[in-house]
Amino acid sequence: MSSDADADAAPSPGEDDAAESSGEPVLAVDGLRKRYDDTVALDGVDLAVADGEFVAVVGPSGCGKSTLLRVLSGLEPQFAGRVAVDGTDVRDGGSDDVGMVFQEPRLLDWADVRENVAVGLPADVDPDAPAARERIDELIETVGLDGFSESRPDQLSGGMAQRVSLARGLAYDPSVLLLDEPFSALDRLTKADQQDHLLDVWEERGTTVVLVTHDVEEAVYLADRVVVLGGQPGSVEAVVDVDIDRPRERADPDLLELRRDVTDALGR
């Protein structure tokens, strides 16, 4: 598989100076272009996410949302442009400061909740060390699973399993937490409950969050800003600011109007 390796063998000129400058966003994407063989998945994507901000990314199937997350997480190291976390390119270690929560919980069937959360700890941390166990127990309590630390995945509901995945993504205290449609497999009531729980965790911990979702209602309800991707190759079509105080009401007329703005930007 060919890639943009020839354009990306080294960070772009001036990158180090930019990283040292004041006001650097926690997550910075500049001129991102990603291709697979002859297919360009993303082209000219710019995105800056501030410390503690909650940003949602929406777009139709095939616009490159999942590819964007893979680049941000360091799973796709060959691309053109610049993607940095805390000023460090994801190809040079910046992705070490990124946590990931997938659409499916991807829990280890044979492991209990505590052991599954411990998977997210840094490789050089002994999960049996007192400090590590304290951190794991704190995260289990944070995601509302206190009392379930010894339960195995087959003893958990879908929402509970996704909470374990969230705790695992937070285990090494990432600068940026990426979520790839984490609630799409849940029923409507459970989904709403998990959305509110995610907001509670976000507000408590102050983690910078980037959420990819197909759900416009979810995006507007949760996020400070909604980034609309579109086209093939994917690019940023619009950015909608959600200037509505929290806690929010799902039936708030202003929120409904913003949903229409996002839907219009999607061309629906």
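The legends below describe an overview and several close-up views of a predicted model.

Residues are numbered from 1 along each chain as its sequence is written, and side-chain values use heavy atoms, without hydrogens and water. Because the model is predicted, local features need pLDDT of at least 70 and side-chain atom pairs count only at pLDDT 80 or more, while totals for chains, interfaces and linings use all residues.

**Figure 1. Overview of the chain, with 9 helices and 10 strands.** Helices (H or I, at least four residues) and strands (E, at least two) are DSSP runs, numbered from the N terminus. The C-alpha trace spans about 50 × 50 × 40 Å along its principal axes. Of the 268 residues, 49% are buried (under 20% relative accessible area; exposed is over 50% and partly exposed in between, with a 1.4 Å probe and protein chains only). Among contacts (heavy atoms within 4.5 Å) with a separation of 6 or more, 70% are between residues 24 or more positions apart.

**Figure 2. Strand β6 (residues 98-101), covered on both faces.** In a regular strand the side chains alternate between the two faces of the sheet. In β6, Val98 and Met100 lie on one side and Gly99 and Val101 on the other, and all of them are buried. β6 pairs with strand β7 (residues 176-180) in the parallel sense, over 4 bridges; two strands pair if DSSP finds at least two bridges between them. Opposite Val101 stands Leu179 of β7.

**Figure 3. The open sheet of 4 strands, in the order β2-β1-β4-β5.** Its pairing is antiparallel. The edge strands, each pairing on one side only, are β2 (39-49) and β5 (88-89). Strand β4 (residues 80-85) and β5 are joined over 2 bridges, and Val85 has Thr88 in β5 as its bridge partner. The loop between β4 and β5 holds Asp86, which has a positive phi of about 50° although it is not a glycine. Asp86 counts as partly exposed, at 40% relative accessibility.

**Figure 4. Asp173, in the loop between α6 (158-170) and β7.** Asp173 is not a glycine, yet its phi is positive, at about 55°. Its relative accessible area is 52%, so Asp173 is exposed.

Figure 5. Leu255 counts as buried because its relative accessibility is 2%. Leaving aside neighbours within four places in sequence, Leu255 is in contact with Val220, Tyr221, Val242, Ile244, Arg248, Glu249 and Arg250. One of these, Val242, is 13 residues from Leu255 along the chain, and their C-alpha atoms are separated by 7.9 Å.

**Figure 6. The cis peptide bonds at Pro233 and Pro247.** Gln232 and Pro233 are joined by a cis bond with omega of about 10°. Pro233 lies in the loop between β9 (225-230) and β10 (235-241). From Arg246 to Pro247 the peptide bond is also cis, and omega is near -5°. Pro247 is placed in the loop between β10 and α9.
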